[in-house]
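Subject: Handing over the two-chain model

Hi,

Here is the structure I promised you. Please open it and keep it beside this email as you read.

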Number of protein chains: 2
Amino acid sequence: MLRTHTCGELKINNVDEAAELSGWVQRARNLGGMTFIDLRDRYGITQLVFDMEHHSDLCQKARKLGREYVIKIKGNVRERSSKNPKMPTGDIEILVEELQILNPSELPPFTIEDETDGGEELRMKYRYLDLRRNVNKHNLILRHRMSIETRNYLNKIGFIEIETPYLIKSTPEGARDFVVPSRMSPGEFYALPQSPQTFKQLLMISGYDKYFQIVKCFRDEDLRADRQPEFTQIDCEMSFVERDDVLNTFEGLTKDLFKVIKDVEVGDFPRMSYDEAIKYYGSDKPDIRFDMKFVELNDVAQGKGFKVFDDAELVVGINAEGCAGYTRKQLDKLTEFVKKPQIGAKGLVYVKYNEDGSFKSSVDKFFDQEALKTWAEKFNANPGDLMLILAGKANDTRSQLNELRLEMGNQLGLRNTKEFAPLWIVDFPLLEWDEDTGRYYAMHHPFTSPRDEDIELLETDPGKIRANAYDLVINGVEIGGGSIRIHNRDLQNRMFKALGFTDEEAQKQFGFLLKAFEFGAPPHGGIAFGFDRLVSLFGGQDSIRDFIAFPKNNAGRDVMIDSPSTISEEQLKELHLEVKKPVRE
Amino acid sequence: MLRTHTCGELKINNVDEAAELSGWVQRARNLGGMTFIDLRDRYGITQLVFDMEHHSDLCQKARKLGREYVIKIKGNVRERSSKNPKMPTGDIEILVEELQILNPSELPPFTIEDETDGGEELRMKYRYLDLRRNVNKHNLILRHRMSIETRNYLNKIGFIEIETPYLIKSTPEGARDFVVPSRMSPGEFYALPQSPQTFKQLLMISGYDKYFQIVKCFRDEDLRADRQPEFTQIDCEMSFVERDDVLNTFEGLTKDLFKVIKDVEVGDFPRMSYDEAIKYYGSDKPDIRFDMKFVELNDVAQGKGFKVFDDAELVVGINAEGCAGYTRKQLDKLTEFVKKPQIGAKGLVYVKYNEDGSFKSSVDKFFDQEALKTWAEKFNANPGDLMLILAGKANDTRSQLNELRLEMGNQLGLRNTKEFAPLWIVDFPLLEWDEDTGRYYAMHHPFTSPRDEDIELLETDPGKIRANAYDLVINGVEIGGGSIRIHNRDLQNRMFKALGFTDEEAQKQFGFLLKAFEFGAPPHGGIAFGFDRLVSLFGGQDSIRDFIAFPKNNAGRDVMIDSPSTISEEQLKELHLEVKKPVRE
């Protein structure tokens, strides 16, 4: 070992001991006869002292060290004259007797500090330097701790981690696959898994009744901000279970993670139907750290001659407590916010419930004080509150109001990243109609089972069927989702039919799974957690990229290693492939 | 839950309790008024009783159940009249009161028994049924336990698991990459990692001084028996370490696994140089469960007129203790064995050291009793032993004798799968000369450091350089390998030069790593264990395939899901690719 201690280890009780440390030069200060160097490693920072009087050669050598040089020193621990209570090692310093430069360093392109001067692009190119910064180190260590704890918790309750293959088969259903050309089978391809879905179902059929895996998944989608082509899932499946068994098991895991990792006790997770979530929050992933539920006003707001409301399918609003004092400018900004193209509302109606009990609204022309009072009653509003109302087509208006609600939550400081509000959304619709292709698509995936009482609708009114599907939502972020699966071949066939598959298509894509259903498939269900997302939530940040060691950018590139890149003609030839360059339009 | 207990849980102390079980019908026996069914799940087998007198409808229904039907029953635990001491649940049975068929089953294509009637191909096609068999279940559970224990051990001693990317960059050095066409960057490709080598080195440069990952790796090689295109590694790297620090750390992990998983105490692992291993065992992965070291005979066997020996570069043999009684037929078989084309010896010389002290050899014409006695002394042979001798070119002869030694170990029962003999092989050559391409190749990889004292040979006699590289060998199987890496850019440049890289080639393939070396790379080194191999060793079996849930066959195919397979024209178009079918010759 090139050290006897780490840079976070030596304390006041080590005074007078000899020590060898290795690490990086964080900073250097020359003070007359002394040179101080902060030596950094993964565990902390220790102050080194070089004394010109004591050892002038050494001190001269130390003065030539640049930032990020890797050095090894030998010296004696001594008590500092001016202690630094902010540093764990702040009571001591090391008087250096020997100095060895293990590797010099060019000046890094940005400072290795919590507040760095490097822009995102530069930091991505030199990701290995960015990863030296504390913030990234803490994120990766958090990720490690969460994966270890997840594994140990699931192991303790009888789950087995089983590795499923990465070189599998492409299926057109779902998102776009990444494919891998086979050299040995010319013209054929493997696909990288979007999830181990079919394999975990096969494992249930094999009798491994509690499976999990922390596993990489791949989707070749056009990347939105904060999506990665490769991402990590906590993937789980159980046999002989009903919906609540799965929910309880993974509520247990989630609570354990909160307790062990964050020292936070979260109570039992509320369960909310999809319909309720949409009605009261305009979203299937409501942030319930704050209330501010939607209030529908059609019965009190329509028929009073205000055309915008009268023509609307839905008039719906929220009550922002204590916001009656919002200025004209603040209200204009909210109106601008909802009118942004990404949100798309036509306008915003406000009603101030003044402290004196009177109302001031943007629709005073159409609604008198009496009328506005009935609104206030619907909202359970009090003097000092501000009601914000949108109108239009029901679905659109709800999602616009969802955005406004979240914005008001931000403005009012109701979305504290240290507070956690998990909930289960249940009873999702089984199918979604797609206008473009004129067919139903599975809202989760084609293996999700309909609720027993809705099965008969498969051939008559498929859009109405509720699924045995569920999502775990925390702080408005979808953390996981799953379902009780179909385990009966006939029902699976009816499902494929509802999705517009011919028998041949179903057979070609999922023949092996359908076949497996014939050999004693047990009832089963499961869930998958987005691990990157879960870690970023625990880390109190929005971006998953900060919790991935080597992420790709929004164009799917790794700018550090410069990938993807061209391959040799010989490689292409071996794979029996030719690149057709697209004609740029 | 569709059960109150598992099928391995109910014991004599549960008698008179009510229980619900779910599982698979393992077998059924009708005995007059009773039907007995063995119900199986992951945890065991429980005997169910249906009593015609007690409940005739139910009994009739039970008689229609086929093998592998999935059922749920409710009943009462009672003491068996004839107990089965071989089964953990053998003291009890369940008198069934309710029976529900959860899913019927077709007759499986092979029996779900320890000794199945299914051939390998059939079992691979129906792998999900094969995985129901106990042997496979035990293998997968062993694998799970080993991965959990590995993670906890490494976590405990300060290692962090960090996920490295799967979509990386193709580099021509080393084995052939699997590549992944990029849709968003037409004509460009990602590659799947052959190992996270460069990323773990970057993590060292980032300061994560103890990294590990249990991770899938990919190699598109022509598959030999028992090679898989995707395989799993325990991948590790450490900073500020010297060779022995790495060896001690992973010797610790290996000992812990033996203790916790197998309850076997293994002593300190011997360390043997590569040169020694070749000289005494003819292999860089000697099986040292048994001795039988090579003895070189050039000085006593040459110059006596036996042309085969006289023309040979090396005359070398082993002493098989107690085998002087081998019959003519047995000796002929050994000769045939070494003459197999895969081994390639021209012949085999034997010397029997008879119990009466006389010698009988296949070369009595050239060597008298006196001469043979000097051989016996060299071998430390005793009356009753059999000396087996090969001659020819040194390298070839050693590897032939290695095969013969292993064969004799098998014949003499010296290779017990319950016994474990680990050792470290150290001081590998850094480079290997390749006649075909007329250049040196890195024996491990181009980042392996030469031993300090040999560095000066890089430009003068590169073939002589010993590397700071090491392998962990257990029972003649290479379990892991690694090295202290180069962390100095100049030395890395000299290494690339010795490997015949131009500056441009080095820059194009490894530019990001060379650049990273300029910003304070610490001394570092690591190791990777072949996890599939390690598990199969612990499982006492040779084939890694039995320890992988869904393995591929020797042609790289997954015959269960029928992959690789063709993809749609649309997919190819999106990827800007065209398949060029090879002309069959």
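Below is what was found in it, from the pairing of the chains down to single residues.

First, the ground rules. This is a predicted model, in which local features need pLDDT of at least 70, side-chain atom pairs count only at pLDDT 80 or more, and totals for chains, interfaces and linings use all residues. Residues are numbered from 1 along each chain as its sequence is written, chains are lettered from A and ligands numbered from 1 in the order in which they are written, and side-chain values use heavy atoms, with hydrogens and water left out.

**The two chains**

Chain A superposes on chain B by a rotation of 180 degrees, with 0.0 Å of shift along the axis and an RMSD of 0.1 Å. The two copies are thus related as by a two-fold rotation axis.

**The open sheet**

Helices and strands here are DSSP runs, numbered from the N terminus: helices are H or I with at least four residues, strands are E with at least two. Two strands pair if DSSP finds at least two bridges between them.

Eight strands of chain A form an open sheet with mixed pairing, in the order E6-E9-E10-E22-E21-E20-E17-E11. Strand E6 (160-161) and E11 stand at the edges with a single partner strand each, so one side of each has no neighbour in the sheet.

E11(A) and E17(A) run parallel and are joined by three bridges. Ser273(A) has Val426(A) in E17(A) as its bridge partner. Val426(A) also stands opposite Tyr470(A) in E20(A). E17(A) and E20(A) run antiparallel, over five bridges. Six bridges then join E20(A) to E21(A), again antiparallel. There, Asp471(A) is partnered by Gly481(A). The hairpin of E20(A) and E21(A) has two residues between the strands, and Asn475(A) takes a positive phi near 55 degrees in it.

Is E20(A) mostly covered or mostly open? Mostly covered: six of its six residues are buried. (Buried means under 20% relative accessible area, exposed over 50%, partly exposed in between, with a 1.4 Å probe and protein chains only.) Ala469(A), Asp471(A) and Val473(A) point one way, while Tyr470(A), Leu472(A) and Ile474(A) point the other.

H5(A), residues 197-205, lies across E9, E10 and E22 of chain A, at about 20 degrees to E10(A). H6(A), residues 243-262, lies across E10, E11, E17, E20, E21 and E22, at about 30 degrees to E22(A). (Axes are lines fitted to C-alpha atoms, for helices over the stretch in contact; angles run from 0 to 180 degrees between N-to-C directions. Contact means heavy atoms within 4.5 Å.)

**Helix H7**

In H7(A), residues 274-281, the buried residues are Tyr274(A), Ala277(A), Ile278(A) and Tyr281(A). They cover an arc of only 105 degrees around the axis, which puts them on the same side of H7(A). (The arc is that of the directions from the helix axis to the C-beta atoms.) Why does such spacing work? An α-helix has 3.6 residues a turn, so residues three or four places apart point the same way. The buried residues of H7(A) pack against E11, H12 (394-411) and E17 of chain A. Gly282(A) follows H7(A), with a positive phi near 65 degrees.

**The cores**

The largest nonpolar core has 56 residues, and Ile162(A), Leu202(A), Ile425(A), Tyr128(B) and Phe550(B) have the most contacts inside it. (Such a core is a set of buried Ala, Val, Leu, Ile, Met, Phe, Trp, Tyr and Cys residues joined through side-chain atoms within 4.5 Å.) H14(A) gives the largest share, seven residues. Tyr128(B) touches several residues of chain A, including Leu202(A), Ile205(A) and Phe512(A). Apart from this core lies another, of 55 residues, with Leu140(A) and Leu491(B) among them.

E13(A) pairs antiparallel with E16(A), residues 386-392, over seven bridges. In that pairing, Ala320(A) stands opposite Leu386(A).

Best wishes

Definitions and conventions:
The arc is that of the directions from the helix axis to the C-beta atoms. Copies are superposed by least squares on the C-alpha atoms of residues with pLDDT of at least 70 in both.
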